[in-house]
Amino acid sequence: MAECVFCKIAGGEIPTEFLYQDEHLVAFKDINPQAPVHFLVVPKKHIPNLLAINDDDVKLLPAIQKIIVQLTGELGIAEGGFRVVVNTGNHGGQTVPHLHFHVLGGRLLDWPPG
Ligand code: AMP
Ligand code: ZN
């Protein structure tokens with residue numbers, strides 16, 4: 001989608017240092033980190049949110065899980081633990097309408113979220 005910031009990042013229109021990229025997925029640091037380590041795993045395809053995943057898109061989920069395991073290991077937060085968050089819709093606090101998985105770690109995270 002032309003005006004979608006994550007489509008622009010995934011398509012290379014906004015220069016971004018990727019932690020990971022392949023044919024279907026990218027991962028990059030959140031611009032407004034909420035923890036010492038805070039990155040996003042994002043499908044290149046414009047999928048508005050979790051509710052919009054179709055039978056083909058669902059095949060991305062194991063790959064996303066694998067990237068999360070790889071990057072949390074590389075970034076040193078796997079052992080201490082981390083949180084994966086997918087804000088969805090208005091009550092979920094989603095601000096960018098392109099599916100993304102937040103991964104946060106490097107400090108003790110509060111629960112429940114606000
Ligand atoms: P959400 O509120 O769950 O939709 O998350 C959107 C996230 O995208 C927020 O944590 C933002 O800080 C992050 N974000 C927005 N624009 C950019 C960008 N250009 N580069 C990296 N992260 C971004
Ligand atoms: Zn998009």
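**Two ligand sites**

I begin with ligand 1, where a nitrogen atom of the ligand lies 3.1 Å from a backbone N or O atom of Ile31. Please bear in mind that this is a predicted model.

Two further contacts involve oxygen atoms of ligand 1. A backbone N or O atom of Val96 is found 2.9 Å from an oxygen atom of the ligand. In the side chain of His102, an N or O atom lies 2.8 Å from an oxygen atom of ligand 1. The protein buries 82% of the 510 Å² that ligand 1 exposes when taken alone. Ligand 1 is located in the largest pocket. There are 16 residues around ligand 1, and the nearest of them are Asp30, Asn87, Thr95, Val96 and His102.

I turn now to ligand 2, a zinc ion. Which residues coordinate the zinc ion? The donors are Cys4 and Cys7, each through SG, together with His46 and His98, each through ND1, at 2.0 to 2.3 Å. Along the sequence, these donor residues follow the spacing C-x2-C-x38-H-x51-H.

Why is the arrangement tetrahedral? The four donor atoms subtend angles of 103 to 117° around the zinc ion, and the arrangement is tetrahedral because all angles lie between 85 and 135 degrees. For comparison, the ideal angle for four tetrahedral donors at a metal is 109.5 degrees.

Key
Residues numbered from 1 in each chain as written. Chains lettered and ligands numbered in written order. Predicted model: local features only at pLDDT ≥ 70, side-chain atom pairs only at ≥ 80, totals over all residues. Heavy atoms only, no water. Donors = N, O, S within 2.8 Å, 3.2 Å for Na, K, Ca; no water. Tetrahedral: all angles 85-135°; square planar, octahedral: opposite > 155°, others 65-115°. Near = heavy atom within 4 Å. Polar contact = N/O pair within 3.5 Å; in protein donor to acceptor, adjacent residues only side chain to side chain. Areas by Shrake-Rupley, 256 points an atom, 1.4 Å probe, with all protein chains shown as cover. 1 Å grid on protein atoms, 1.4 Å probe; cavity = no way out; pocket = protein on both sides within 12 Å on 5 of 7 lines; lining within 4 Å. Sits in = over half its atoms within 2 Å of the grid points.
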